[in-house]
Amino acid sequence: MTPFEIGLAALAVMVVLVYVGMYVPLALMVVSYCAVWVMKGSPILAGKLLALAASETISSYFFGVVPLFVLMGYIVSVTGMGRDAFDVANQIFRRFRGGLGIGTVGANAIFAAITGISIASAAVFTRIAVPEMVRHGYTKRFSVGVVAGSSVLGMLIPPSLLLILYGLLTEQSVGDLFIAGVIPGLLLALIFGIGVFAMARFWPGFIGENLSDSDEPLLDSGELFRKGFPIAALIFLVLGGIYAGWFTPIEAGAVGCLGAILIGLLRRSLTWKDFWSVLTDTGLVTASVCFLIIAAQMYSRMLALSGAPAEFGTFVATADIGFWGVVLAYVALVIVMGTILDSSSIMLILVPLMLPVIQPMNIDLIWFGIVTVLAVEIGLLTPPFGISVFVIKSALSDDTISLGDIFAGAAPFALMMLLVLSLVLLFPPLATLPLGY
Amino acid sequence: RAETVDVTIAAGHPPVFRWVKHTSQTFIPAVNKALEGSGITVNWSEQYGGSLAKVGGVLEAVEEGLAEVGLVSSLFEAAKLSPQNVTYFTPFVSSNATAISELMDKLHEENAELRRSWEDNNLEYLGAAIGIDDYLLMTTFPVNSLDDLKGKKIGAPGPAVNWLKGTGAIGVSGNLTTYYNEIKTGVYDGVIVFATAAVPGKLYEVAPYVTKVGFGAQYAGGIAANKEWFDAQPEALQNALRRGGVAQREAYHKDLDQAISASLEAMRANGATITEVSPEFRMKWAAGMENVAKAWAAQLDGEGKPGSSVLSAYMDAMRQDGATPVRDWDKE
Amino acid sequence: MPRFLQQVQAVIDRLTMALNVLGTLLILALMVLINSDVIGRGVFLSPVSGVPELVSMSIVAIVFLQVGQAFRMGRFTRTDALINVLEKRAPRIRAGLELVYSAAGFFIIGALLNASYPLFIKAWDRNTFVGTVGDFIAPIWPVKLVILIGCAALILQLAMSAIRSAIEMVSGRKVVLPDSAGGHDAV
Ligand code: NA
Ligand code: NA
């Protein structure tokens, strides 16, 4: 067997192992190990690939702050700040059907301006938003679906780890990429909001038959202030601090975490027992998610060695199919690879391969970056390997919601992303207009 | 007799980086060309941009044999290739990247101790020195005297944080990919960066004051092969790989030289103010620094690595080459 | 489960739990460290050296310190559709499958541990560090050691899981474990 064939076989085996219920990180590791063994003829080399990926993959400042973002969200949840914020959101959106779902999308868009990484959004809102929506009569499936869907906003609205990676791969200004991500990000949030509203109206079986958003008693303005102020103060601290230059978006995880603890203590709503318990839980979520990411990296390095993704990329790059042919084939390839690979691996493999092909076509590389990130992020929601969905599963305290439920709940949002992707493809100014050219 | 050798070649940076681009466009063709008529063909598998190993992980990937050849950034291997980082501990020596690279490759040929730090990591150094153009100070404010730097936060790559000690500026260990945003929001008031990286990142938009302080050009790494593998290869292939190294160094630096002037021109065209400091200013800056080179050499000597000897060999060779270091770091 | 195995399980649980606590404390330490850097830089004009390096190493340590407990608490991601069907219709086959999965995990983490050990020895022998001489340096062997410890803890939990599944497969009865703290009891 050639390495290419081994790579294809490894793909197939992984999909089967995931569906028959093997633990996903362990399945990824087993497949990577065996495939490298067969390819290189050496179990020792195969082991080394695992060991190097284990110590390298998450060893960065970016990943280092993931637990702090998660902890911040959990403290917001355990101190009741999250619930209060939803009561306020409920008042604001009470005229809309599906108001809490819309509120979750909006809150995610705000949180996206703080975090550069989608897994943080997914972990945080699983704790804050899902229980509130379920309490108000939304189906569990929809509740986790809207959290999974809107978590992708974290990578589109700046700051964004993926846009930084793309900037590095293509030598484009990260500043320009961030500006270009704003309108598509807000557009995606808007379409998610409209989608939720439409589903509440026309597809109540999916979102929930008896939504009690508007049953809550009206809050007077004093109550609104009392409930809304703490979370507003936290957002102000974090966003204000970033844009005033006190700290970087990476450091914001730690500052926001400390801020949430202080606010919790001041409101006397954070007990030592609760604190320790969410802290432990933060660790378990971080460990299971990061271990999964490490395993995914092993798998993607194995695939890179097999040459399979590069061969597909070269096929698309060298096919004589014109501008739209190349762009559409590329987008399709990214989406297909998104079903089984993690976001950054897809970009690492495909972007450098496509770059020499698209540069002579005079394609705007900033626009192409936004297209790439949108297409890559769809993969966060698609089975069998969808990292946002996996994060929600490990952050969830409800065993009655299966992975399949979350994938199903997220599917409408993946479709809406496809719609926004098409719009950005058809109307490049959506990305490039604010850059003034 | 015909023979095909499978070679995986890895780099942590993506191919848009000049040194990786030349690995693909100069090194590999040069090796192939040198092999013509030998009956050996190499079947290359190119793994760049972190698809097999991250920037700081290429050395280990090649050392362990996951890749046969790699583009190793000594700058990101401060512990394993410590003598190779000599240039970063001796600023204000020369701003000629081509000269520094030629000299570092020559030193590698002549100085067994310098080669040993590669060999200790099971690597065979193939040359292809990567020179980095003269580091500049880019700030949001004009720099006319050292006093202008007081209390200002300046982002810098790890070893360059030392250059700021004694200036009154606050050195913050930073990362090229986030400089733009951190200057824009005000986390940094400036950065230490080289021109050919400042242009693609559009740093001149947020830090339009470009000051040529004279920190100097640097050596940042080269191409190396897994030593065990290399030693087992036929001589023709070994020689071809070495020839590829020389070809890459020459082509890369020719390309770099053009890019440096183009980059400075591009910054000026986009409204940046480029100034060169006076010799007195430079002298004062250098005089205010601690002699980190000495501390660094002493530390290496203590670990049984060639610190002092590489320091003086490098400084001697640079002086011989006509450079006039602002401080003779080795002689103090 | 025989009494003897229950005791072994209890000891291993205590071990993974202790590592879990260490990892948890490390998360707190990270928060304090980064905030000190931010406040030091902004207010006192003296940032803390080496924060990026320390954070990068800590996250690896945090993950490996907690990975054993994460498995024990059922936090490893999986698709449970097939498992749930089998649970009702053919519990012995389900147990057999679980045995295969845990055993495969046992061997693969064993391979990872085996391949990680030389990396630790290398870091220890050569005293490899991160950072820059003159500014901040820290050795990397502690994090390489934590990787080994974390793998070992995970292997022990995988082994116990395999043994439990084997017992279930043979006896046809479900082995119920006493639930240790640290689960989803929080919010
Ligand atoms: Na974001
Ligand atoms: Na997917």
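How far apart are the mean positions of the positive and negative charges of chain A?

## Basis of the model

This is a predicted model, in which local features need pLDDT of at least 70, side-chain atom pairs count only at pLDDT 80 or more, and totals for chains, interfaces and linings use all residues. Residues are numbered from 1 along each chain as its sequence is written, chains are lettered from A and ligands numbered from 1 in the order in which they are written, and side-chain values use heavy atoms, with hydrogens and water left out.

## Chain A

The mean positions of the 18 positive and 24 negative charges of chain A are 9 Å apart. Lys and Arg count as positive and Asp and Glu as negative, while His and the chain ends are not counted; each charge is placed at NZ of Lys, CZ of Arg, CG of Asp or CD of Glu.

Chain A contains 23 helices and zero strands (DSSP runs of H or I, at least four residues, and of E, at least two, numbered from the N terminus). Its radius of gyration is 22 Å, close to the 22 Å that the globule rule gives for 437 residues, so chain A is as compact as a globular protein of that length; the radius is taken over C-alpha atoms, and the rule is 2.2 Å times the number of residues to the power 0.38. Of the 437 residues, 67% are buried (under 20% relative accessible area, 1.4 Å probe, protein chains only).

## Sodium sites in chain A

Donors are N, O and S atoms within 2.8 Å of the metal (3.2 Å for Na, K and Ca); water is not among the atoms, so sites may look incomplete. A:G154 is buried at 0% relative accessibility, and A:P159 is buried at 12%.

The sodium ion (ligand 2) is coordinated at 2.3 to 2.6 Å by A:G338 (O), A:G379 (O), A:T382 (O), A:T382 (OG1) and A:F385 (O).

## Chain B

Chain B has 13 helices and 13 strands. Its radius of gyration of 20 Å agrees with the value near 20 Å for a compact globule of 332 residues. Buried residues account for 62% of chain B. The centres of its 29 positive and 41 negative side chains lie 5 Å apart.

Notes
Buried means under 20% relative accessible area, exposed over 50%, partly exposed in between (1.4 Å probe, protein chains only).
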